[in-house]
Amino acid sequence: MSCNVVRHNQKGANEQVQMVKAERRNIKNTVTGSSSVAPNDSYDVSAMVTGEVAEDGFNEGDQVTKDQVLYRIEATDAQNSVSSAQNSLRKAQMSYEDAVYNNRAASTDILKAKNSVLSAEQSLADAVRAKGTKDNDVQKALISLEKTKRSYQDNQKNVADLNVASQGRGTVKEVFVSRDDNVSANSKIAEVYNDRYLKLVVPFNSADADNIWNGMGAAVKAAGEGSEIYGTVTDVSSAAVATDSRAIVRYVTIELENPGALSAADSGSAVVGGMSCQATAKFQYMDTFTISAKTGGKIESLNIKEYDMVYPGTVVANLSSDSLMTSLANSELDLESSELSLQDAIQKSSDSAITNDNNVKKAQRDLDEAKAAYEKTVRSQNNSVTSAALELDNAKLSLEKAKKQLDNYTIKAPIAGTVVTKTIKAGDKLENSGSNSNTSQMAIIYDLSSLCFDLEIDETSIRKVKRSDRRSR
């Protein structure tokens, strides 16, 4: 669309003006004003601790990133507190493990106490039987007690087998399991050797071997060693075999006491009756055995590592098994039920001679005392573990608190931005401001990635201002 614009002058003459094309345009309203520009985000850096500033790694005007280390404050006392808390935690951990281990070991005391109960029950049953009672209820109760007792003792043994023990003396050669592993019955736990005695199986010329017999003395020499070790021939193979060098030999076994420095990694040779062996061979440990689990379970603690010494009865691993513990608990409940049934049957027996018999009464008193001793032993052991667990929790909390306190000695940038003020430098000492636990201002960081300012606008113009989303620009 276009139009002619005509303007009339005062004299009535028409004046032709330029023709323009009509089009849509924006009309802008401008509001002006002035204000101070401020960063969109700022942060005053201060410390939660006191002490001498050991390090500062920035200057005014520097750009810093979030979590960049700004200051390190001398923290000897805090570090000592952490070390002390760590030592306390280790001690508490050891005390807890000892309490758990002793509780397991003290299961022997518990078992003894329980066996005393069983023995007292047996005495009571024997006293009742001695009266020759014909009461069917008493007889049934006695039979039930015997059955549940055997079941309980079997479960006791199974639970006791959760403590895997060495059956001999020696040095641990290899450990086959780790903590938290699940193992089954007969699983290998470790291999152990006794290096006190060695044997050497070496080849002799077949003709020479004809003149060697058990009991002959042998001079053994380890490879690289000059001294000889005395040994004894204990076996001569009956079959002759060919070696790679096409020699016909028979193997002779020689046993000797380890002088103290030889292992299965060493090789040796031997001379018997003036005849030398055809080749060297590795020494072998005479006494080796494998420690295996007698029952299945999860390895809660592993008490050995390679080259540790073990002795007969040394507990090398402690297993846990919910199913075995449940079976033991159930059998114990069955046993207690049988005990109560026998007591009830005796009390209700029509044979007054049973209830009035002095032997029966004494056996009953002994049983009551054995039960009380058993319950006391169980309570004592449970209390020791509970107390140790509480101390361990407190030690963990103390260490966590000490570590958090130590973290306060390293001051990091809370935001990314520009350092506009730095009031504290390395060598300065920080002290409490007095009003609170924070120290005085150390630095100021501005986030200048965006700015803001407050602008006063006349009320007649405020309706011309609208909120704008910067992301849509």
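Mentor: Gladly! Let's begin with a strand pair: β9 and strand β22 (residues 315–320) run antiparallel and are joined by three bridges. Strands (E, at least two residues) and helices (H or I, at least four) are DSSP runs numbered from the N terminus, and two strands pair if DSSP finds at least two bridges between them. Before we go on, this is a predicted model, where local features need pLDDT of at least 70, side-chain atom pairs count only at pLDDT 80 or more, and totals for chains, interfaces and linings use all residues. Residues are numbered from 1 along each chain as its sequence is written, and side-chain values use heavy atoms, with hydrogens and water left out.

Trainee: Which residue in β22 stands opposite Asn163?

Mentor: Asn318 does. The open sheet here has four strands, in the order β9-β22-β20-β11, with antiparallel pairing. β9 (163–165) and β11 (182–183) are at the edges with a single partner strand each, so one side of each has no neighbour in the sheet.

Trainee: How many bridges pair β13 with β17?

Mentor: Four, in the antiparallel sense, between strand β13 (residues 217–222) and strand β17 (residues 267–272). Val220 has Ala270 in β17 as its bridge partner. β17 also pairs with strand β18 (residues 275–276), antiparallel, through two bridges, and there Val272 stands opposite Met275. That hairpin has two residues between the strands, and Gly273 takes a positive phi near 55°.

Trainee: Which residues touch the most other members of the largest nonpolar core?

Mentor: A nonpolar core is a set of buried Ala, Val, Leu, Ile, Met, Phe, Trp, Tyr and Cys residues joined through side-chain atoms within 4.5 Å; buried means under 20% relative accessible area, exposed over 50%, and partly exposed in between (1.4 Å probe, protein chains only). In this core of 39 residues, they are Val164, Ile189, Ile291, Val316, Leu319 and Leu342. Elements that each supply at least two residues include α2 (107–130), β12 (188–205) and β22. A second, separate core of 25 residues includes Leu256 and Val272.

Trainee: What does Ile189 contact?

Mentor: Contact means heavy atoms within 4.5 Å. Leaving aside neighbours within four places in sequence, the contacts of Ile189 include Val164, Phe176, Ile291 and Val316.

Trainee: Is Val37 buried or exposed?

Mentor: Exposed, with a relative accessible area of 53%. Val37 lies in the loop between β4 (20–21) and β5 (38–45).
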